[in-house]
Amino acid sequence: MITPKKILKMKKDGIKISALAAYDYSSAKYSDEAGIDIILVGDSAAQVVMGYDSTVKISMNEMKVFTKAVVNGVKNALVVADMPFLSYSLFDEGVKNAGEFIKLGARAVKIEGANEYILSLIKRLTTSGIPVMGHLGFTPQYINTIGGNFIQGKNVKHAEIILNDAKKLQEAGVFSIVLEMIPDVCAKYISENLEVPVIGIGAGKYTDGQILVINDVIGKFDGFSPKFARKYADTKDIITKSVLKYIEDVKTGDFPNVAESFRLEDDEYEKFKAYTNKIRIESTD
Ligand code: KIV
């Protein structure tokens, strides 16, 4: 079973960390069986599962359902639950909500940002036995403050700010940090100057690991797809073609066929035929 400690050791051993954001039992199970290291129950479920226009719209209750489903499908990977927008803006509520994810079977939580408040919350969680993954660079829960999906760390000064924030997160006790949408050389510089692993998304090839959203990876989500979201399959096409054919088979009567139907045993069939004939004769009398 992958633990936060193993994730830290992977960086020391120079082993790249593979991570996916996933939200349901089957996707989590198949990803786990394929050998993924980390499954994040990401708040990106807001867009790719719920169809909301922003991450900030997803609730704690919705995230709890997805977390339970993922936990049920996973035997080996480290399941990290994403703390949704405003679920940790009050200290005690943050601790309580993080604890709820752990009680559901997640083995770590993810929190965005690195201000003084966030750092103190991370310290409390980690010292209470809740491993925390940090999240810097583009932080979607701050979309209304940032003003859009903008690349972060685009100059030396900003890259230094991100590195300093990352060091503070490391000091506060995180076991890894997601770094989203920053130029590759800045991500390299930050990764090389931290002991905790940096898991990149849109942060180039030099980070200690990579994370993508499974719905992008399998081509199931047809909303906005950033350029870093490599598509390995076209599930939308598979679903559409399958449903089209199913509709046709239903309409033409091709589905279901004999093999797809339950049949009476021969003697029961004879009795059934005699019974329905009798009913028919009686009703025409
Ligand atoms: O919610 C999510 O999927 C994430 C990843 C993009 C890191 O936070």
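The model I am working from is predicted.

**Aromatic pairs**

I looked up ring pairs and found two. In one, the centres of Phe91 and Tyr117 lie 6.3 Å apart and the planes meet at 75°; with over 60 degrees needed, I call the pair edge-to-face. Phe91 sits in helix H5 (residues 91-104) and Tyr117 in helix H6 (residues 116-127), so this pair ties together parts 26 residues apart in sequence. I noted Phe91 as partly exposed at 23%. Tyr117 is also partly exposed, at 27%.

Phe255 pairs with Tyr246, edge-to-face, at 5.8 Å between centres and 65° between planes. I have Tyr246 as partly exposed, with 46% relative accessible area.

**Charge over a ring**

I checked Lys188. It lies over the face of Tyr206, 5.6 Å from the ring centre.

I put the largest pocket at about 700 Å³. Its lining counts 31 residues, with Ser44, Gln47, Thr55, Pro140 and Glu180 nearest the centre. Helix H3 (45-48), helix H7 (143-146), strand E6 (176-180) and strand E8 (209-213) each give two or more lining residues. By class I list 17 nonpolar, eight polar and six charged.

The second largest pocket holds about 370 Å³. I found 19 lining residues; closest to the centre are Gln210, Leu212, Phe228, Arg230 and Tyr232. Strand E1 (17-21) gives the most to this lining, four residues. Its classes are 12 nonpolar, four polar and three charged.

Definitions and conventions. Residues are numbered from 1 along each chain as its sequence is written. This is a predicted model: local features need pLDDT of at least 70, side-chain atom pairs count only at pLDDT 80 or more; totals for chains, interfaces and linings use all residues. Side-chain values use heavy atoms; hydrogens and water are left out. Rings of Phe, Tyr and Trp (its six-membered ring) pair if their centres lie within 6.5 Å; planes under 30 degrees apart count as stacked, over 60 as edge-to-face and the rest as tilted. Buried means under 20% relative accessible area, exposed over 50%, partly exposed in between (1.4 Å probe, protein chains only). A charge sits over a ring if NZ of Lys or CZ of Arg is within 6 Å of the ring centre and within 35 degrees of the ring normal. On a 1 Å grid over the protein atoms alone, a cavity is a set of points where a 1.4 Å probe fits but cannot get out, and a pocket is an open set with protein on both sides within 12 Å along at least five of seven lines; lining residues have an atom within 4 Å of a point. Grid points are joined across faces, edges and corners, and a volume is the space filled by probe spheres set on the points. Ala, Val, Leu, Ile, Met, Phe, Trp, Tyr, Cys and Pro count as nonpolar, Asp, Glu, Lys and Arg as charged, and the others, Gly among them, as polar.
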